[in-house]
Amino acid sequence: MLRSIRKELLASLIAIVVLTLALGVAYPLVVTGIGQVVFPHAADGNQVKVNGQLVGSRLLGQSFEKPVLDRNGKARVDAAGNPVTTPDPRYFQSRPSGDKYNPSATAFSNAGPNGADTRDAIRGRADSYLALEQRYDRSLTRAAIPPDAVQTSASGVDPQISPANARIQAHRIAAVRHLPLSRVDRSIDDHTDGRGLGVLGEPGVNVLELNLALDKETSR
Amino acid sequence: MTVQGSIQIVLLLAVLTAAAPLLGGYMARVFDGGTMRLTRVLGPVERGFYRVIRVDARQEQDWKAYARSLLVFSLLSWLALFLILRTQSVHPFNPSGFSAAPWDVTFNTSSSFVTNTNWQYYAGETTLSNFSQMAGLAVQNFLSAAVGIAVVVAVIRGISARSAKTLGNFWADMTRTVLYVLLPIAFVASIFFISQGMVQSLSPAKAFTSLEGVKQLITLGPVASQEAIKLLGTNGGGFFNVNSAMPFENPSGLTDFVSMFLLLLIPVSLPITFGRMVGARRQGWAIYGAMMIMLVVAIGIVYAAEGHGSVAQHLAGVNGGNFEGKETRFGIPSSSLFAAVTTVTSTGAVNAAMESLTGIGGAVPMANMMSGEVIFGGVGSGLYSMLLFVILAVFIAGLMVGRTPEFLGKKIAAREIKLTMVGTLATPLLILIASGIAIATTYGRRSIFNAGPQGFSETLYAYTSQANNNGSAFAGYTGFVQPNAPGNHGAFGITFADLLGGGTMMLARYLPILAVLAVAGALAGRRVSPAGPGTMRTDNGTFVVMLIGVILLVALLTFVPALLLGPIVQGLTNQVF
């Protein structure tokens, strides 16, 4: 009995060392090698550059809110020391995020379905959404707000918004950027990722790419 | 429910039903020691490995010897993982320079990955180095899956044996699973995932400035290679904290579909493997059918509940489905489907925030796990747990009609029934005890995030998930205060939650394994009596209904009071708490 356990211990020990080298070092390194050679852009996270400067990834959403300045031109901070921000009307707005769009420390918001705080948060976001968009789209009502616009994403860095959400914001973008609404709508279509193979998942509008395209268009 | 949403669901189940006989038949050949195209290439590697570890893979083991090899291997795996994680700072591939997580969190994590649970109190991208992820966690993703499959193969041999005393050889089953099943599929899947936008890099994080001037980091890592085995092995531990919701870990609707396909692939194939190996294909499909019926019901309920929207959202005047904690590219249908399939299998990967599911939408994942992870379940563990329920159903049916219970010609005696009871009741008992202790003590309540019934749901979910080796979470519940969390200076573990959870995972993994191996050992030696006109059939519709009934009565009914107090009360009211 004791001898056989010793034999098993030795076999296990060698097996774990060998398997760690094979599955834990060789396998990921080979996959990394192939990925970096065959699909370097994807393997490095679909980085987006403007004039050679890294501005993000097409897969990582970012916040399009700008800092609120006080009378002296300094950024205002709240009680906790975080900068106060407001939606930048020139840009399509991303979804609410539970982690302030930080891609290096992702987190769920973990809001409960029956939480009073969840209700208040959604109500507050709906108020802000109406305050921002109703000026440009008079027909917009609370009941017509797309659910993705006022509820946090899972990853906190959702790169997309729903097409319905984008169509509402298009009125504001067209007015602020002095573009015809049809032009903005066409831009939305150009930056909408359809369902995978036509059936899988849901269509979504890539906010970063859409905003970059609009910047390019209006600076011309 | 939308047409497009339903198409995805039907498509997934159809593709899996087509794949099950292919992989199921292939695995039957692998475990019968047959030769395939792959053995011609990898055969020398396999034999070389046995020489290096100095075992004779042809030597048959009885159930005790098989269990001994398995336990010793698992124990050393645990120690190796604990050591790697605790000495993280001295290893290479640590571009962010992370130091080790506290010992209590590491205890939980090691127990979690060795038991195929992948419960995560840590957040990957802010806690672990690439080396810990690759050489620590991903290795156990392979090995814990292989151990689970080895057990079910031994059990199948016990049932199919013609009065033998042995169940095969643990080392051969484990090695062949890794070499001929897990590694080839994971390799192909990881390359596909990269092509679709999943990250695979060992470079340090890239700094960038967003359009609004915010300075941030793009965190890279060996994600795709880990992701493939995380899903295939029904492990579920994400590289990133938000798991398969993170676009770097699940970039599109297509990768999401492939993810769900991978995590169900081996669990749907094993019943077919079983049918082939015992020489009763209909029996394999009967078990498959019982599992599939329960899965379809689960998917339907989650989808309907999420499409209806949450109470909080309705009170805020917002229409539409419950989008809280869901990604745009998956929407309601794929998020609901994922929530169901990740909890019927013991995967626990998530593409949405489980905590933010509606009351009823959250009750279903819990019920899925509480069934004992027998609705396809984990790789290996799902089928061997299901076979215990089959034996129980045969026994109860035998009592009802007054016949000696027998399964595939083998008489079931008192000792097997006792062991079956141990195997089926150990996990529910552990859930009730652990969540009872956690909710009744101030130590346990420190982990709770949300108020009211949701806080109870978090606790119940945590111990249900850990005991069933699932690993998904109502993620507000915590055992580790993260280093990068706002306002937190330094990291510390919540020792109570870490130890109770870690202990629960280990007991709930190895007690049923020992029980089921003992049952298999007893059945292996029994002679097969030929089927006569009086033999009760176990491969027809009546038996499928009987089997589902036994699972509902034995496993699920235990938890009805607990489910009522947590998720169901929230699902049935229009109140907020």
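How many Å separate the centres of domain 1 of chain A and domain 2 of chain A, taken over C-alpha atoms? Taken that way, the two centres are 42 Å apart. Please keep in mind as you read on that this is a predicted model.

Let us start with how chain A is divided. Its domain assignment gives domain 1, residues 2–43, and domain 2, residues 47–219. The largest nonpolar core has 211 residues, and the members that touch the most others in it are B:A520 and B:L547. Helix α6 of chain B, residues 130–160, gives the most to this core, with 20 residues. Domain 1 and domain 2 of chain A both give residues to the core as well, so it lies between them.

You can look around B:A520 for yourself. Leaving out residues up to four places away in sequence, B:A520 touches B:W63, B:A154, B:V155, B:G158, B:I159 and B:L167. Another core, of 14 residues, lies apart from the largest one, and A:Y91, A:V184, A:V207 and A:L210 are among its members.

**Where the chains meet**

Chain A brings 90 residues to the contact, and chain B brings 104 residues. On the side of chain A that touches chain B, at least two residues each come from α1 (2–38), α2 (40–43), β2 (53–57), β3 (65–67), α3 (116–133) and β5 (160–161). The largest share of that side, 23 residues, is supplied by α1(A). Here is its make-up by class:

| Class, side of chain A that touches chain B | Count |
|---|---|
| Nonpolar | 45 residues |
| Polar | 33 residues |

**A closer look at helix α4 of chain A**

Helix α4 of chain A covers residues 163–177. At 1.5 Å a residue, its 15 residues should span 21 Å, and its end C-alpha atoms are 20 Å apart, which agrees. Along the way, α4(A) bends by about 35° at A:Q169.

Which residues of α4(A) are buried? They are A:N165, A:A166, A:I168, A:Q169, A:A170, A:H171, A:R172 and A:I173. An α-helix has 3.6 residues a turn, so residues three or four places apart point the same way.

What covers the buried residues of α4(A)? The cover includes α3, β5, α5 (181–190), β7 (204–206) and α6 (207–219) of chain A. After α4(A) comes A:H178, which has a positive phi, near 55°.

Definitions and conventions: Residues are numbered from 1 along each chain as its sequence is written. Chains are lettered from A and ligands numbered from 1 in the order in which they are written. This is a predicted model: local features need pLDDT of at least 70, side-chain atom pairs count only at pLDDT 80 or more; totals for chains, interfaces and linings use all residues. Two residues are in contact if their C-beta atoms, placed from the backbone, lie within 7 Å. Helices (H or I, at least four residues) and strands (E, at least two) are DSSP runs, numbered from the N terminus. Ala, Val, Leu, Ile, Met, Phe, Trp, Tyr, Cys and Pro count as nonpolar, Asp, Glu, Lys and Arg as charged, and the others, Gly among them, as polar. A nonpolar core is a set of buried Ala, Val, Leu, Ile, Met, Phe, Trp, Tyr and Cys residues joined through C-beta atoms within 7 Å. A residue is buried if 20 or more other C-beta atoms lie within 10 Å of its own, exposed if 12 or fewer, and partly exposed in between; C-beta atoms are placed from the backbone. Domain bounds come from an automatic or database domain assignment. The expected span of a helix is 1.5 Å times one less than its number of residues. The bend at a residue is the angle between axes fitted to the seven residues ending there and the seven starting there.
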